[in-house]
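Let's take a look at how some strands pair up in this one. Have the sequence and the 3D view open as you read.

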Amino acid sequence: MAQEKQKVIIIGGGAAGMTAAYYLQKEIKEKHLPIEIKLIEASHRLGGKMQTVVKDGFTIERGPDSFLARKTSIIRLAKEVGIDDQLVPNSTGKSYVLVNEKLYPMPGGSIMGIPTQVGPFITTGLFSIPGKLRAAADFILPRSESGKDQSLGKFFRRRLGDEVVENLIEPLLSGIYAGDIDQMSLMATFPQFYEVEQKHRSLILGMKKATPSQPKQPAVKEKSNKGAFLTFKTGLQSFAEAIEAKLDAHSILKGHRVENITKMNGKYEVYLNNGEILEADGIIAATPHQITQSMFSKFGFFEPLKSVPSTSVATVALAFPKEAIKQDIDGTGFVVSRNSDYSITACTWTHKKWEHSTPDGKALLRCYVGRAGDETIVDLSDDQIIKIVLDDLNKTMDITMTPEFAIVSRWKNAMPQYTVGHKQRMAEILEAMNRELPGVFLAGASYGGVGVPDCIDQGEAAVKAVLDYLKL
């Protein structure tokens, strides 16, 4: 008699959910496991924030545009689904910080705004002399209190002073998380900085020791240097499509939302918005934290997720003929100091950073708007947002034509904020889940890392956990 199959339901078809579905299906097929999968996605497409517009020879990302090459889980998955031949590195070039209407080159040897070389830091116009002297206090200040979480802002302000934080560290870090660094958790976002401080006391000396010295490159080679990031020549959406093509079509359910989940006789009942009830032996919830909390609303230990903020942002891609940009700048983009009177938070000169993205003779600028405490701009009309962005760009670049086209992509409440205490909160929730919801596992940007590779890592970890739970 055939063994009855165990059922695993994966909720959420973004990077984490798709990864879980792919690797779980692979394990089932290779090891002939008696498991049936169902991947449920509320929208009508898989891929989450991996969305690409291909238009008039341009390849434009609506969401993330790349990932760190050292995060290899995404490269491994790309190989699995046969799209690794489309991976390309970014072209490197100068990056700038916009402070008080002026673009300053990023000081050489700075890692996330922390200096590892004293020379470029002393000569930069980014900081006043008092600001530089205050940063030098890092050499003599004591360590932080051991093991205690604190905000990124508090940590960096104490070590390097307000000016270095406002003009360099904050624009860089909030560019990654679209968050308020005075609320964001050090331990959940950059624990390595805490560890460096604990080990070496001085952040600057510690980062210098931790950074391998680069051999001097001849100036002429600068152009051919490849950066630390990778993307897909065909766009990140093509990666999501390649994963989906490997999944059994009958195991995917799009356009269905999970309303509620209850526990019944050691199994789970999953209630869909069309009235259907599915039974599951194991669940991988690869959903944003607000949705996870509402699906498991009967379980009070998810309540803390309700108060975790999410920021709304928008990306604005503008396509031009190359000659439209009169005051061209040698570099790949800039971030904007929060003290500046600008609505944009950053701008990438995409045609320089990703050559494949733009046809010859064209320019592609990708700007970001919206951040913690300044999100109302995301709700404006496309035309209003485009006008604001162009006005901002013209303060630095002198653009003489209107764009050939513009694409505005809004991401409402899409950037989960790892506020102080995030790791502790998650540890308590996971412990309660282990006790009261055995066989239910979390994965995704709300929990253990926001980038696409972080979500892939979490999807893989959830597969191992659910197989271990089912003892298969």
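Which residue in β20 is the bridge partner of T315? Y368 is the one to click on. Bear in mind that this is a predicted model.

## Around β20

How many of the 8 residues of β20 are buried? The count is 6 for this strand, which covers residues 362-369, so the rest of the structure largely encloses β20. "Buried" here means under 20% relative accessible area.

## The β13-β14-β15 sheet

Now over to another stretch of the chain. An open sheet is built from 3 strands, ordered β13-β14-β15, with antiparallel pairing. β13 (258-264) and β15 (277-280) sit at the edges; each has a single partner strand, so one side of each lacks a neighbour in the sheet. On average, neighbouring strands in this sheet are turned by 25° against each other, ignoring direction.

Zoom in on β14, residues 267-272: 4 bridges tie this strand to β15, and the two run antiparallel. To find your way along that pairing, look for Y268, which stands opposite A280 in β15.

As a reminder, strands of a sheet pair through backbone hydrogen bonds, in either a parallel or an antiparallel way.

Notes. Residues numbered from 1 in each chain as written. Predicted model: local features only at pLDDT ≥ 70, side-chain atom pairs only at ≥ 80, totals over all residues. Heavy atoms only, no water. Pairing = 2+ DSSP bridges. Axes fitted to C-alpha atoms, helices over the stretch in contact; angles between N-to-C directions. Buried < 20%, exposed > 50% of the residue type's maximum accessible area, 1.4 Å probe, protein only.
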